[in-house]
Amino acid sequence: MENTISEFGKVFIFLALGVVLVVGGFITSRLLRPFRPNTEKMTTYECGEEPVGSSWVQFNIRFYVIALIFIIFDVEILFLFPWATIYKQLGTFALVEALIFIGILLVGLAYAWVKGDLEWVRPNPNVPQLPTKKFEKMPARPEASLLSLVESITPASASESSLPKV
Amino acid sequence: MNSLAYQIIFYLFAAIIVGSAALVVISKNIIHSAFGLLFTFFGVAAIYVYLNADFIAVTQIVVYVGGILVLLLFGVMLTNKITQADLKTETLNPVPGLLITLSVLAMLLYTFYFRAKWVTVPVDQQLRGTVVEPIGIATMTTYVLPFEIVSIVLMVALLGAAYIARADRKVQTKEGK
Amino acid sequence: MLNDLLLTLPITIATVWVLVLILCEAFVHNANLTRWLTAIGFAGIIASIFLIPSPEGYAYGTMLRTGTFTNFSNFIFAVSGLLVVSISDKYLEEEEINFGEYYIILFISTIGMMLMGSAANLSVIFIGLETMSVALYTLAGMLRKDVRSNEAAMKYFLLGSFATGFFLYGIALIYGATGELALPRIAASLQTNGVSTLFWIGLSLLMIGFLFKVSAVPFHQWTPDVYEGSPTTAAAFMSTGSKAAAFSSLIIVLSNISIALPNNAVLQTAFAYIAVATMAVGNITALTQDNLKRMLAYSSIAHAGYMLVGIAAGSNEGYSGVLYYALIYTLMNVGAFGVIAVLERHRTLTNASDYAGLFKQHPLLAGLMAVFMFSLAGLPPFGGFVGKYKVFAAAVEADLTWLAIVGVLASVVSVYYYLRVVIFMFMRDPEPAPQANANATGSFALVAIAVIVFLMGIFPTEVLKLADNAMKVALK
């Protein structure tokens with residue numbers, strides 16, 4: 001008992017130190033800094049951009065499903081945590097039990113996967129495209145058309161000698 | 001000295017729990033409420049440490065602080081412009097509600113202080129050190145059935161949540177997909 | 001371990017089958033196939049109960065009870081599930097929620113019920129309750145685009161979680177008072193250490209959890225909104241299966257603990273008053289309902305009251321009466337909801353006045369509905385009468401004659417609102433008739449239910465014997 005408390009005591013010391021450093025930093029800077037605000041200074045810093053609107057934007061619902069799946073496996077890990085500490089003592093039986101436990105959840109995960117719940121929403125950008133109809137007759141390689149033009153006005157023998165094969 | 005320091009820290013955490021829980025209830029900004037809950041969860045984890053329930057304390061931090069709270073914030077972020085909605089709901093039946101709550105509280109406190117006959121374990125049989133291993137052995141021996149069923153509970157939660165939160169899709173009729 | 005899996009064969013089958021169902025739904029993605037597989041799963045459970053009935057004893061240490069009581073309660077849950085599956089498909093197609101998930105979640109819910117009905121340890125009861133409830137919350141919200149279904153799911157979830165909180169707190173206090181979670185050992189600890197106030201408070205908190213699930217007064221307010229908002233077929237399942245599960249679990253707890261309680265009268269009086277309040281509120285409020293789903297919701301509150309009469313009697317007779325009642329109530333209520341589901345169109349045509357002249361348009365449906373209504377009202381010669389007779393007789397035997405009289409009066413009141421539907425169907429002029437939306441399996445299921453309800457009224461002895469036997473051995 002004494003032992004664990006002191007282990008958690010160390011955690012507490014870290015926590016306390018962290019709080020003291022952060023809060024202390026804030027207090028010292030408040031004491032030392034000058035305070036001369038203007039509108040420009042008070043805007044949210046956003047890498048030099050002008051911030052637009054509220055930072056509170058609506059998230060995609062997909063985040064929610066992902067977070068839920070995370071929690072479910074979070075809980076699963078916690079159930080396996082005590083199992084992991086005694087796995088050596090109990091051997092095969094414990095292994096089988098844990099495999100069943102994980103297996104059932106894996107079926108759930110497989111379901112969510114196959115049903116597309118884990119798929120990320122891909123951006124579907126609306127790329128502006130030129131109306132293609134006008135240029136449809138234009139060949140893909142302009143130099144080829146040039147070549148056929150040349151061919152049509154020069155005799156075949158001349159074209160063979162003067163122009164390189166394309 | 002040592003026990004005095006323990007007590008001071010205990011009351012510190014108790015104050016954090018009560019204060020942050022009050023913030024959760026009182027604050028009108030839902031984000032502030034959510035962050036207040038963070039401190040409540042942490043404080044409760046500390047109380048678990050005081051009860052020598054280290055596994056529960058870790059569970060509290062991993063599941064509640066690391067999971068539930070994240071989900072809660074996600075839930076807040078999923079809703080758009082909730083600041084403009086009037087969150088305050090009407091309190092219905094304040095008098096009977098308060099009366100019942102207080103009487104239940106009084107009953108519980110009275111029982112705990114004056115009438116409780118808690119079954120206690122003799123000092124020499126009490127657990128020393130970490131409780132993770134005893135919990136592991138218990139889940140693998142006596143409580144192996146509930147342990148396995150928990151996976152079913154988690155799975156149905158996953159199934160239901162995925163179904164409810166899924167984007168719309170085509171309905172299947174007799175003719176096929 | 002393998003032996004335990006065999007002893008609790010219905011649960012084992014269900015657990016394995018759920019995995020098959022999910023994989024099938026994921027990779028084949030055919031709701032109709034999933035439906036058939038679910039029905040096969042339920043049929044398999046029922047078959048396993050009849051072919052390999054489990055012997056008396058315990059499984060998984062002292063986690064689960066096996067034996068006649070468990071067989072009987074598992075049978076109720078599986079029957080409830082099978083019937084609901086068979087009346088569901090047309091309705092789901094109509095409401096555009098014909099997804100395999102519906103059937104899978106229904107099936108998982110049944111696992112929770114079976115755990116509750118065979119638990120011998122409070123931790124198993126709790127986990128069974130959670131499995132069942134989480135599944136039911138989802139079922140209530142299956143109509144995702146419908147605001148009222150969302151409301152139903154939300155309400156059920158919030159209030160249900162709150163009640164579960166009470167339940168868990170009760171378990172914690174009972175553990176604190178006795179140091180045990182296994183019910184037989186709790187009783188043993190009470191006998192050696194005496195019953196403390198702490199234990200009483202724990203027990204009453206536990207009871208709040210159960211009473212919420214069976215929608216007894218004063219924990220009943222969620223029932224009408226949830227049943228009305230949920231998909232009709234899901235409401236049929238909630239009102240029957242989950243209620244039967246809560247009652248069987250309640251019987252297990254009480255029959256284990258009551259041996260050790262020196263003063264049983266306290267428990268008896270408390271249940272008697274709750275039963276009276278539940279019957280009164282359920283029946284009187286049902287009188288004013290025009291929406292049939294709400295009417296059936298209040299009627300289900302009233303029926304919980306009748307079953308609580310059996311619980312209040314606190315004897316083997318009373319408990320076996322509750323078991324019988326749970327079975328017959330499952331049949332007739334699924335039937336009544338099934339008829340509603342056949343006629344309903346996107347939440348319209350659920351009022352009693354919509355059924356005017358139904359007999360002329362759909363004589364079979366009207367006849368079926370009449371059978372279910374008569375049986376719910378407890379008129380002989382239908383099964384509902386035998387169930388009521390059984391619990392009221394148990395109350396008289398337990399020196400609670402006044403309670404039995406109240407129960408009879410309450411059922412007299414209930415005749416009014418059940419017969420009102422029948423009068424609309426048979427004696428009013430037909431409106432533009434609602435189109436029946438049934439297929440062969442659904443109609444066959446409804447007819448079969450009606451026939452069984454009728455038979456259980458005329459020849460009740462066989463089933464009654466089973467129910468009696470279930471209790472006798474369970475209590476020893």
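What distance separates the centres of domain 1 of chain B and domain 2 of chain B, taken over C-alpha atoms? In this predicted model, the two centres lie 24 Å apart. Domain 1 of chain B covers residues 1–81 and domain 2 covers residues 131–167, with bounds from an automatic or database domain assignment. Residues are numbered from 1 along each chain as its sequence is written, and chains are lettered from A and ligands numbered from 1 in the order in which they are written. Because the model is predicted, local features need pLDDT of at least 70 and side-chain atom pairs count only at pLDDT 80 or more, whereas totals for chains, interfaces and linings use all residues.

Helix α4 of chain B comprises the 22 residues 94–115; helices (H or I, at least four residues) are DSSP runs numbered from the N terminus. At 1.5 Å a residue, this helix should span 32 Å, in agreement with the 30 Å between its end C-alpha atoms; the expected span is 1.5 Å times one less than the number of residues. The number of buried residues in α4(B) is zero, so the helix lies largely in the open. A residue is buried if 20 or more other C-beta atoms, placed from the backbone, lie within 10 Å of its own.

Between chains A and B, 40 residues of chain A are in contact with 42 residues of chain B, contact requiring C-beta atoms, placed from the backbone, within 7 Å. On the chain A side, α1 (2–32), α3 (62–90) and α4 (92–114) each supply at least two residues, and α3(A) gives the most, with 20 residues. This side divides into 30 nonpolar, five polar and five charged residues, where Ala, Val, Leu, Ile, Met, Phe, Trp, Tyr, Cys and Pro count as nonpolar, Asp, Glu, Lys and Arg as charged, and the others, Gly among them, as polar.

The contact between chains B and C takes 27 residues from chain B and 34 residues from chain C. On the chain B side, α4 and α6 (144–165) give two or more residues, and α6(B) gives the most, with 13 residues. By class, this side has 19 nonpolar, five polar and three charged residues.

The axes of α6(B) and helix α6 (residues 122–140) of chain C come within 9 Å and cross at roughly 10°, the axes being lines fitted to C-alpha atoms over the stretch in contact, with angles from 0 to 180 degrees between N-to-C directions. That makes α6(B) roughly parallel to α6(C), a term for angles under 35 degrees. Residues that meet here include B:I149, B:V153 and B:V156 in α6(B) and C:I127, C:V134 and C:A135 in α6(C). The residues of this helix contact divide into 14 nonpolar, four polar and one charged.

Technical notes:
A residue is buried if 20 or more other C-beta atoms lie within 10 Å of its own, exposed if 12 or fewer, and partly exposed in between; C-beta atoms are placed from the backbone. Two residues are in contact if their C-beta atoms, placed from the backbone, lie within 7 Å. Angles under 35 degrees count as roughly parallel, over 145 as roughly antiparallel, 65 to 115 as roughly perpendicular and the rest as oblique.
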